[in-house]
Structure formats: structure tokens, C-alpha cells
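Please keep the structure open beside them as you go.

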Amino acid sequence: MSTNANYECFSSGCSAEPINSHEISKDLFLKPLACKNNKVLMFDKDFANNINQYKLKEIDIKSATCFPGFCYEHDVSIFSDIENKNFALNDDFVNKQSFRVLAKEIYIQKQQSFLYKEKLLNGNYSFIERIVLKRLIFLHNKKIRLYKKTLKKLENLINTNKSLYYIVYDLEPKGIAFSKMMYTHFRDRYIFRHNFHMFINIFNVDDETKCILSVFNDEASREIIKQYLIKQGVGNFSLNRFILQNKERLVFSKKYYDSLSYVDQLELKDDNNRIGNGFFPNLLE
Ligand SMILES: [Zn+2]
């Protein structure tokens with residue numbers, strides 16, 4: 001079974017072949033987490049067999065968080081100024097980092113849709129199973145269309161020097177990095193549909209762990225992010241649940257992993273996305 005769909009550069013209007021783009025900057029954020037052998041720890045999701053199965057893996061920072069994202073030309077022209085050594089947490093960084101998180105998100109949706117299509121074509125499934133697979137493909141394709149529109153919107157922000165609205169706060173543990181987009185939609189009292197996208201980026205900056213939450217700069221999104229944080233308490237918007245449910249996007253150092261108790265290490269490796277009391281004891285305190 002082939003595991004690769006065809007991909008082209010995520011920059012709009014470009015159909016060149018993508019290189020292996022990092023979702024998280026290798027030099028700025030992965031290198032500090034790596035051991036001497038340049039390896040970080042990650043969880044691999046077993047898409048081909050059991051999507052709920054995670055495997056703990058040592059991955060070279062050269063390939064950690066990489067995906068077929070942008071062609072060489074666009075990878076350099078769009079991202080090189082947020083990858084250099086003079087890191088600054090500013091509008092440009094937040095826009096571009098969110099942009100590649102979303103590109104990665106589309107890649108994952110495409111990959112999943114592709115795998116289900118392959119299963120449907122090659123597998124021996126019952127009538128009901130085939131309906132379920134078709135439904136999954138439909139849902140992934142729907143998300144891809146929606147996310148592509150959002151990607152375009154984000155690209156326009158970058159090109160017009162407008163910014164996402166973002167909030168930054170400190171987290172306790174050192175030695176982790178995490179990137180992911182959260183998407184949901186809701187209807188207001190006038191029954192207008194709102195799409196809510198929140199980008200979550202967690203990095204070590206100057207020996208501190210920063211959590212950067214960014215949303216589109218409209219009233220509804222700003223309000224939600226504020227309400228969310230007020231209601232749940234800053235730094236406690238079910239972040240640990242969200243990370244646990246998306247473990248394959250978490251990068252961490254061996255030192256961080258070793259600092260966890262045996263029970264927490266087991267929790268972290270657990271496949272059932274269970275939230276134990278001891279999980280990530282320092283993450284939200
Ligand atoms: Zn390109």
C-alpha cells in the first residue's frame with residue numbers, strides 16, 4: 001500500500017514540488033531540545049493500521065515535524081526571516097508560524113483521506129464498513145476545502161502586513177514544543193455561522209516555555225479566546241487534554257521525559273488519550 005498522495009507547494013498559485021518543510025524551526029526550537037546525537041522524542045501515530053496507536057520514537061531534528069509543505073523557493077522566501085538566529089516573537093512570526101501549522105494540518109487531512117481511499121479500493125470490507133469509510137473520506141475532504149480557504153486568508157494577512165490577534169503566556173515545563181490548529185464552528189444568536197480557528201504554538205524561547213495562542217482578528221474570535229481564557233483560567237483551557245489528544249504533534253527532550261515520574265511516562269505513552277491526575281504535572285501550574 002502506497003502511503004503518499006501527490007502534493008504541491010502550499011503557496012497559492014504555485015504547483016512546484018514541495019521539499020520537506022519543517023513545521024517547527026529546526027535551529028530555533030528543535031535543536032535546543034535535542035541530545036548530542038541531534039535527536040528529539042516524538043510520538044508516531046500509526047495511520048496505516050490503528051490510528052489510535054502511538055509509538056514513542058527518537059527522531060533526528062532534520063526530519064522531525066517535516067512534511068511536504070513548500071517548494072524550495074517559497075520555503076526560503078516565506079520562512080527564512082523567522083528561522084534565523086535573531087528570533088523575535090512578533091506579528092510576522094505569529095502569522096507565518098500559524099501559516100505553516102495550517103499547511104501541515106491540510107497535509108494531514110489529505111494523507112488521512114488518501115489512506116481511507118486506498119483502504120476502500122484495496123480492502124475487503126462489508127457494505128456498512130464501506131459506508132463508514134466513504135463518510136470519513138467525505139469529512140476529510142470537507143475539512144480540506146475549508147482549511148484551504150483559511151490558508152488563503154492567512155496568506156493575504158502575511159502579504160498585507162496585517163496580523164492575527166494573539167496572546168502569549170508562560171508555561172512551566174522546559175523541553176517541549178507543540179504546534180497545532182484547533183478548529184470549531186458555532187452559530188450566534190442571529191444564527192450566523194462563525195468558523196473559529198485557533199493556532200496553538202508552544203516553544204522554548206530564552207530558556208522559557210511560551211504558549212502563543214493566535215486567532216483571526218475579528219470581534220467574535222477575540223471574544224471567544226478571551227472568554228475561554230477567563231472561564232478556564234489563563235493557561236488552563238484544557239490545554240493538557242488538547243495536547244494529549246494530539247500527542248503526535250508534541251516534540252520533547254529526553255531530559256524532559258526522564259524528569260517525569262514512571263507513572264507519568266506510562267500515562268504519556270497510553271493509547272487511550274486518558275487524562276490522569278499526574279499527567280504533565282508541571283504543564284499547567
Ligand atoms: Zn512554491
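1. Does Thr65 count as buried or exposed, judged by its C-beta neighbours inside 10 Å? In this predicted model, Thr65 has 23 such neighbours and therefore counts as buried, since the cut-off for that class is 20 or more. Thr65 lies in the loop between strand 3 (54-60) and strand 4 (66-68), and its phi is near 65°, a positive value in a residue other than glycine.

2. A second residue to look at for its backbone is Asp207, whose phi is likewise positive, near 65°, although the residue is not glycine. Asp207 sits in the loop between strand 7 and strand 8, and because it has 7 C-beta neighbours inside 10 Å, where 12 or fewer is the limit, Asp207 counts as exposed.

3. The loop that holds Asp207 belongs to a hairpin, in which strand 7 and strand 8 are separated by two residues. Asp206, also in the turn, has a positive phi of about 50°. Strand 7 (residues 193-205) pairs with strand 8 in the antiparallel sense over seven bridges, and within this pairing Ile202 stands opposite Cys211 of strand 8.

4. Strand 8 (residues 208-215) is also joined to strand 5 (residues 165-171), again by seven bridges and with the two strands running antiparallel. Here Asp170 stands opposite Lys210 in strand 8, while Val168 stands opposite Ile212 in strand 8.

5. Turning to the helices, helix 3 (residues 91-122) packs with helix 4 (residues 127-159) at an angle of about 160°, and their axes are 9 Å apart. Because angles over 145 degrees are classed in this way, helix 3 is described as roughly antiparallel to helix 4. The crossing of the two helices is left-handed, and the residues of their contact comprise 15 nonpolar, eight polar and ten charged.

Conventions: Residues numbered from 1 in each chain as written. Predicted model: local features only at pLDDT ≥ 70, side-chain atom pairs only at ≥ 80, totals over all residues. Axes fitted to C-alpha atoms, helices over the stretch in contact; angles between N-to-C directions. Helix = DSSP H or I, 4+ residues; strand = E, 2+ residues; numbered from the N terminus. Parallel < 35°, antiparallel > 145°, perpendicular 65-115°, else oblique. Left-handed = near helix turned anticlockwise from the far one by under 90°. Nonpolar A, V, L, I, M, F, W, Y, C, P; charged D, E, K, R; others polar. Pairing = 2+ DSSP bridges.
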